[in-house]
Amino acid sequence: MTTQPGGQVLAFGELLIDLIASGGATSLLDVEVLSVRPGGAPANVAVALRRQGIDAGLCAVVGCDPFGDRLIAVLEANGVDRSRVRQDPDWDTTLALAWKDARGDGHFRLLRQADIQLNVSDVDAAGVDKLAAIVVGSVSLSRQPARAAIERAVELARAWSVPVCFDVNMRPTIWPDSATARAACERPLAAATLLKLSLDDARFMLELGPSANADDAFAALEEYGNRFVVLTDGARGAWFTSPTGDVIYLPAFEIEAREPTGAGDAFMAAVIARLIGNNWTNLSPEDIRYASAAGALTTTREGAIDSLPTGSEIQEFLAAHELIACRNSRIQLPFPSLDFLFAGMPFSS
């Protein structure tokens, strides 16, 4: 694997065990079987980056228990730097219940334990000044001392001009209300070089209401002045801001999705990989197309970590779908650009 200039990408936050519903259940009320798999959004992003040729590490806390041992072994097996993963003897490893609804979108309920013990000392020892970028998420912001740790990571990254990638994953069950969630997210929102969130995330965090659309979300986010913003909406597609400030929409790949867990994280990692590749100068339809392919591929497998694709798998997927799109384009002429046939993603973050 190649290493990008300027150091490693380091993700901060939860490393946990996903208990994923199987058997077609669309609610926890219907679940009969739960599959035990490694996960956690920051961990998924770190693994996905490594599979796309990017040097990546994780700063997290797990328990001194079999699940903690298993998660560390998974990081090592995937080439993720786990030197900043701490095992806390006083806490068990965090668990997450995961299932998909009738639309195929993923839902989660967290049983918070060791992940919230990430602290400022962990961050101060992480060497943020030597990194190529940091990745932080909203889940860790819901509880202390993890919230202070994430805020410290963002503070240090800004001081050293290290790009901040903020992956918003609103889990309503971990917040008392949307106003509290937005207040907790203010610092990374204001500091994010790359901001990625779903339309449902935006509706909850920004208090837009259930009928808000993408235009409403981008209008509400303007005050933060983020350089790159990507908004996703499952099988409905994705929007992103171009260098000129325009908002561009890309529809979704039409695929047979099996499981959505981890797809948003694969998408996020792919966007980061593309930005690193162009030295953080631009985000194009081709970049979002690549990220959408990463997410789409992830949904065709059982995840989270096991489902994350490699860079070569993403390119093979794109090549196959480009051929299909080119054939179809002879009939479907109204599209102004083939890019708008290729990209999108059938999942929510």
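The part in view is strand E9 with the elements around it, and the reply also covers some other places in the chain.

Me: Which residues of strand E9 are buried, and which strands does E9 pair with? Please go on from there to the neighbouring helices and loops.

Reply: The model is a predicted one. As a setting, the protein has 11 helices and 13 strands. Of its 349 residues, 60% are buried. Among contacts with a separation of 6 or more, 73% are between residues 24 or more positions apart.

Strand E9 covers residues 164-167. Val164 and Phe166 are on one side of the strand, Cys165 and Asp167 are on the other, and all four of these residues are buried. Both faces of E9 are therefore covered.

Strand E8, residues 133-137, runs parallel to E9, and four bridges join the two. Within this pairing, Val136 has Phe166 as its bridge partner. Between E8 and E9 the chain passes through helix H4, residues 146-159, in a right-handed β-α-β crossover. E9 is also parallel to E10, with three bridges between them. Here Asp167 is opposite Lys196 of E10. E9, H5 and E10 form a β-α-β unit, which is right-handed.

The loop between E8 and H4 contains Pro145. The peptide bond between Gln144 and Pro145 is cis, with omega at about 5°.

Another loop residue to look at is Arg112, located between strand E7 (106-111) and helix H3 (120-124). Its relative accessible area is 14%, which is under the 20% limit, so Arg112 counts as buried. The side chain of Arg112 has a polar contact of 2.7 Å with the side chain of Asp115. Another polar contact, also of 2.7 Å, links the side chains of Arg112 and Ser142. Leaving aside residues up to four places away in sequence, Arg112 touches Thr94, Val139, Ser140, Ser142, Arg143 and Ile174.

H7 spans residues 214-221, and Ala214, Ala217, Phe218, Ala220 and Leu221 in it are buried. Looking down the axis of H7, these buried residues fall within an arc of 160°, so they line one face of the helix.

The N-terminal end of H7 is capped by Asn213, where a side-chain oxygen is 3.1 Å from the backbone nitrogen of Asp215. In the loop between H6 and H7 is Glu207. Glu207 is not a glycine, yet its phi is positive, at about 55°.

Thr232 has a relative accessibility of 0%, so it counts as buried. Thr232 and Ser292 are 60 residues apart along the chain, while their C-alpha atoms are 9.7 Å apart.

Trp280 is in the loop between helix H8 (263-277) and helix H9 (285-299). Trp280 also has a positive phi, about 60°, without being a glycine. With a relative accessible area of 10%, Trp280 is buried.

Lastly, strand E2 shows another kind of pairing. E2 covers residues 16-22, and six of its seven residues are buried. E2 runs antiparallel to strand E3, residues 33-39, with seven bridges joining them. In that pairing Ala21 is opposite Leu34. E2 is parallel to strand E6, residues 95-100, with four bridges. Leu19 has Leu97 of E6 as its bridge partner.

To return to the strand asked about, E9 is parallel to E8 and to E10, and residues on both of its sides are buried.

Technical notes. Residues numbered from 1 in each chain as written. Predicted model: local features only at pLDDT ≥ 70, side-chain atom pairs only at ≥ 80, totals over all residues. Heavy atoms only, no water. Buried < 20%, exposed > 50% of the residue type's maximum accessible area, 1.4 Å probe, protein only. Arc of directions from axis to C-beta. Polar contact = N/O pair within 3.5 Å; in protein donor to acceptor, adjacent residues only side chain to side chain. Pairing = 2+ DSSP bridges. Right-handed = clockwise from strand over helix to strand, strands pointing away. Contact = heavy atoms within 4.5 Å.
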